[in-house]
Amino acid sequence: MTREISASRPRPSPVIDIHSHAMPLPLLVALQRRGLADLSGMDAGSISIDPAVCGLNRGAAIPFPAEQYDIEKRLRSMDAAGVSVHAVSAPPFLFASESTDDALTSAVVRQSNDALAEFVAQAPDRLVGMATLPVGLPEASEELRRCIDELGFAGATIGTYGGGAELDAPVNDALWDELSRRQILVLVHPSRVSGRTRLADYHLVQLFGYPVETGLAISRLVFGGVLDRYDLRLCLAHGGGCLPGITPRLDLGYERKSSARMMLRPPSDYLRTLLYDTAVFDDAALARLIDNVGVPNVLMGSDFPFDLADRSPLQSVRALDLTDEEEHMILGGNALRFLSRPTCRPNRLEEIPQLRQSRRTP
């Protein structure tokens, strides 16, 4: 069931997009100088990045609208969409998830975080940063501390693979421990695919491979017992990808296959404790997701400013049969509960007027 959306109906404030991206120009220029990026197509709206960094085929065109790097155009687009605040993260094309050169991965991630901190500082009343963490590398937990304590980020983002390791690999335990201890919100974004050859045509890497990759990575965290050992605030991009559709089958495996019974409870119990963004691009699918995991576990997210983004994320939520309070929670209230409040510049949430005025005591 849907209800008519009234243009005169007051909009909850703030409206926070938990899933938005930026590729700051200084970072890309630095990559180009190292021979790791080609910006010659920038005026035409696309760039290419070395496969070791972006995880795509050499020369693959990556959409590059001006909102990725132009603050004024970004803010105008936010205003047009009715969005108060962007939680800004680097896209997976800057994660170097599949690189076999750990030094390259570390350098690119660190430089990306530095550039993102400078980018969001240009509009501190509208933008907060989400740190890229190099999963699979021992220094990931230290980069988390640097980004939160020194750069003032409000959360983090991770890929679904890195350093030659799956997310449930022991190398990531120190990162999970730090994230759990500090209760940092983490946007989990697919950053590679399996069976790349079969997905080479029709843009299937992102259309099909990314949602499946999210399901695979989170399944490993569940079956590997990571969610038993650590209390993590994980928000899954694209509404969890294929996970909502395969949850009953995962539960069946837990019930009937001894090799799949490595954790304390059925998979669905864990999946209901995770967070999900709203970027599923269908009213019925979003309504099912909310029904499955509950309003408190759903955060508005769009994948802005890519061409596969939800261009009207506010309307996607308001089109559903929700109460005003439920809308408020999904559009921004839930994000307020989970985003961190660093005490350093440049991204103190308390300094953002929309957040300061509407913050409530839990």
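Visitor: Let's start with helix 13. Where is it, and how many residues does it have?
Guide: In this predicted model, helix 13 covers residues 324-338 and has 15 residues.

Visitor: Where is the kink in helix 13 centred?
Guide: The kink is centred on Ile330 and amounts to about 60 degrees.

Visitor: Why is helix 13 described as largely enclosed by the rest of the structure?
Guide: Eleven of its 15 residues are buried, so helix 13 is largely enclosed by the rest of the structure. Buried here means under 20% relative accessible area.

Visitor: And Ile330, buried or exposed?
Guide: Ile330 is buried. The buried residues of helix 13 also include Met329, Leu331, Gly332 and Gly333.

Visitor: Now the strands. Which strand is joined to strand 8 by four bridges?
Guide: Strand 9, residues 233-236, is joined by four bridges to strand 8, residues 185-188. These two strands run parallel, and Val188 stands opposite Leu236 in strand 9.

Visitor: How many bridges join strand 9 to strand 10?
Guide: Two bridges join strand 9 to strand 10, which comprises residues 275-277, and this pair runs parallel. Cys235 has Leu275 in strand 10 as its bridge partner.

Visitor: Changing topic: how much space lies in the largest pocket?
Guide: The largest pocket holds about 520 Å³ of space. It is lined by 27 residues, of which Pro211, His238, Ala279, Val280 and Phe281 are the closest to its centre.

Visitor: Which helices each supply at least two residues of that lining?
Guide: Helix 7 (204-223) and helix 11 (283-293) each supply at least two residues of the lining of the largest pocket.

Visitor: How does that lining divide by class?
Guide: The lining of the largest pocket has 16 nonpolar, eight polar and three charged residues.

Visitor: What about cavities: how many of 30 Å³ or more are there?
Guide: The count comes to one cavity of 30 Å³ or more. The largest cavity contains about 70 Å³ of space. Of the 13 residues that line the largest cavity, Phe95, Ser97, Leu133, Pro134 and Val135 are the closest to its centre.

Visitor: And the classes of residue in the lining of the largest cavity?
Guide: The lining of the largest cavity divides into seven nonpolar and six polar residues, with no charged residues.

Notes
Residues numbered from 1 in each chain as written. Predicted model: local features only at pLDDT ≥ 70, side-chain atom pairs only at ≥ 80, totals over all residues. Heavy atoms only, no water. Expected span 1.5 Å × (residues − 1). Bend = angle between axes of the 7 residues up to and from the residue. Buried < 20%, exposed > 50% of the residue type's maximum accessible area, 1.4 Å probe, protein only. 1 Å grid on protein atoms, 1.4 Å probe; cavity = no way out; pocket = protein on both sides within 12 Å on 5 of 7 lines; lining within 4 Å. Points joined across faces, edges and corners; volume = space filled by probe spheres on them. Nonpolar A, V, L, I, M, F, W, Y, C, P; charged D, E, K, R; others polar. Pairing = 2+ DSSP bridges.
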